[in-house]
Every structure is written in C-alpha cells, then in structure tokens.
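Trainee: Please take me through one part closely: the charged side-chain contacts. Where do the partners sit, and what lies around them?

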Amino acid sequence: MNKNIFITRKIPEVGLKMLEEKGYSVTVRDSDMPPTQEELNFALREKEYDAVVTLLTDKIDSAIFEANPNIKLYANYAIGFDNIDIVEAKNRGIYVTNTPGAYANCVAEHAIALMLALTTRLVEGDQYVRDGKYKCWSPDIFIGTDLSGKTLGLIGAGRIGEKVAWRLMHGFDMKIIYHDIVRNQTLDSEDRADYKTTIEEVLKEADIVTLHTPLLPETIHLINEERLKMMKPTAYLINTSRGPVIDENALLKALKEGWIKGAGLDVMEFEPNPVSGLTDLDNVIITPHIASARESARNEMATVLAENIIDYFEGKEPRNNVAK
C-alpha cells in the first residue's frame, strides 16, 4: 500500500531519496517560508496523508491534528520538539519523532565561536575596519578577555553541553561548573568539572555562562532579571538553545546597564526579531539560528528523520519517538 508524506518545507535530498526509494509518495510544499496555521490546515485536508514532516517553525497543535485525524506520525526535523503539542499527540495516539544527536558537534562549535568572538571583540574590530576608522595600530584598542584559566558555567549538560565543556576544558584550560537535573557522569569523572546543585551557584561563579536546555514550561525565562543580576559584571552569557529561555527585555537592560559584560545569541525570544534596541549594542552578537548550519549536520538530520518514518511504516517503534 502506498504511503503519502507531506513535508512543510524542503529538507536535504538524502532524506527525500531514502523515502522515495521505499516507494513512498512525497509531497514537498513549494515555499521557503514557514506555512501559516491556516495554510497547513488546508494542505493536510487536501489529501489522505499518512505522515507529516515538520520543522521547528511549524506550530503543531490540536487544530492541525484535527485537520487530518488519520495522520499518526509527525516527524520533526529538529532536536527540539517544543513546536508540537506532545500532550495532545499522546492523547490522540500520535507518534512524534525528532532528530537527536545529529548536530551536537556543530552547536558546540558555534557556542564556542560566539564566546571567542565576544572575548576577542572580533565583530567590533571588523566593523571598525569596514567603517574606515582604523588609522594605525595602538596597544589600547579593543582590549579583549582571556578564556584560558576562566570558569565556564553550563546550564544543561546533555550532548551539546558536554561537548562544549570538553573542548574548552582541554583546549583552553578552563574550569567547568555545571547544573542539570541529571548529572553528567562524563563530566563528573573529569578533575576540573564540578556539579552545582543550583543554577544560582553557576551564575554567581562563572565567567562565561552557556545555555543548553530544552524549551519547556519551566525553562521559559529561566534567565530573568533576578538571575542576570547574580552574574559577574565581567561575565558573558551564551544562548544556542531556545530564545525564550532568556527574558530578552531583561537581557537588554543587563547589557545596557552593565550587569554583565556581553552576550552571544543564536536564538531569540521573539524570533526572527530581537527586542527593540538589542541590535544597537556593541556588547551583543546575534546570529540567525545557524548553530547547526553545516552540510554534514543537515544531512544527518534528514537521514535520522527518514529512518524514523521508515521504522513507523514498517511496523517498528520509531527510534526517536518523543510522544510515548
């Protein structure tokens, strides 16, 4: 029996090819922009689809599930799945899969790139040259901050956090402190990694705080005004997880008033738009959610996604079902 799959936006060819080689009928929506709720609702009513491939920009809720009740698999092309109502999916007996582990290395490297760009004042220096302000070398322009010997604070120590820690511990001689609801045995085995029982301990002690938490109701505004004030005035904050983990208005105030020294963001609370005034500041670097933008990672994600769908259609438990 033929299986019909709807994909909200194009994914890498390797994943499409895997599905087509299985004989599945694949319909890819023809647009580079995310569908509106109305567009997605209409598209799912047009045909008897058996599965839907979603991206993290697609909001999947009860209204979407209701558009085509026969669909029992939503395969998310992302590690996170906060864009999908998991509780409602469970209630309806719908499978939801994600693509974990596919780009931990990339995100870790991007987080470190943000740290280096901030501490070396690289972006400021580049703009200074482009603006024609560089007239001669001087020993006191764009003085940066050493990473070596400093303390890195992880909030969230899963695959990505662990890889960030390992690289900075062994490559930059940094001390590592971390907090997570589950202790990381690999980090615990390292002499220079210390587990902290509270987030507050990490914020108070770290020279650089990097966030690697999923977006859950309890992690929205995990970093708020109160907690930003706990950080050192010389500290930097890095976020490559999800934008709403930080109260961005509070962060704007912290950066303007010098509660912290700087911030590096790959995600924003109101993505794709940062809060008004944030881009006017020199002590923040913002990238457009590109931490996992590597060909290798994108292809691996597409492969994992296709494997999840094939598992489901072949009567197996999808290996990355998050709606159990």
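Mentor: Start with Lys-196. This side is buried, because its relative accessible area is 14%, and buried means under 20% (exposed is over 50%, partly exposed in between; 1.4 Å probe, protein chains only). The model is predicted, so local features need pLDDT of at least 70 and side-chain atom pairs 80 or more, while totals for chains, interfaces and linings use all residues. Residues count from 1 along each chain as its sequence is written, and side-chain values use heavy atoms, with hydrogens and water left out.

Now the partner. Lys-196 forms a salt bridge with Glu-205; the term needs a Lys or Arg side-chain nitrogen within 4 Å of an Asp or Glu carboxyl oxygen. The closest N and O atoms of Lys-196 and Glu-205 are 3.3 Å apart. Glu-205 has 30% relative accessibility, so Glu-205 counts as partly exposed.

Turn to Asp-311 and Arg-319. Their salt bridge has its closest N and O atoms at 2.8 Å. Asp-311 counts as buried because its relative accessibility is 6%. Arg-319 reaches 48%, so Arg-319 is classed as partly exposed. A network also turns up: Lys-22, Glu-314 and Lys-316 are joined by salt bridges that share partners.

Next, Glu-39 and Arg-29. Their side chains meet in a salt bridge at 3.5 Å, N to O. Ten residues separate the two, and the pair links distant parts of the chain. Glu-39 belongs to helix α2 (residues 37-45), whereas Arg-29 sits in the loop between β2 (25-28) and α2. Helices (H or I, at least four residues) and strands (E, at least two) are DSSP runs, numbered from the N terminus. Arg-29 is buried because its relative accessible area is 16%. Glu-39 is partly exposed, since its value is 39%.

How many salt bridges does the whole structure hold? The search finds 19. A search for disulfides (cysteine sulfur atoms within 2.5 Å) finds zero.

Now strand β9, residues 208-211. Ile-208 and Thr-210 point one way, Val-209 and Leu-211 the other, and all are buried. β9 pairs in the parallel sense with β6 (residues 151-155) over four bridges; pairing takes at least two DSSP bridges. Strand β10 (residues 236-239) also runs parallel to β9, joined by four bridges. Val-209 is a handy reference point. Val-209 is the bridge partner of Gly-153, and Val-209 has Leu-237 as its partner in β10.

Last, charged groups at a pocket. The second largest pocket has a volume of about 390 Å³. Its lining has 19 residues, and closest to the centre are Arg-121, Val-123, Glu-124, Asp-282 and Asn-283. α5 (104-120), α6 (122-130) and β12 (284-286) each give two or more residues to that lining. The largest share, four residues, comes from α6. A pocket here is an open set of points on a 1 Å grid where a 1.4 Å probe fits, with protein on both sides within 12 Å along at least five of seven lines; lining residues have an atom within 4 Å of a point. Volume is the space filled by probe spheres set on the points, joined across faces, edges and corners.
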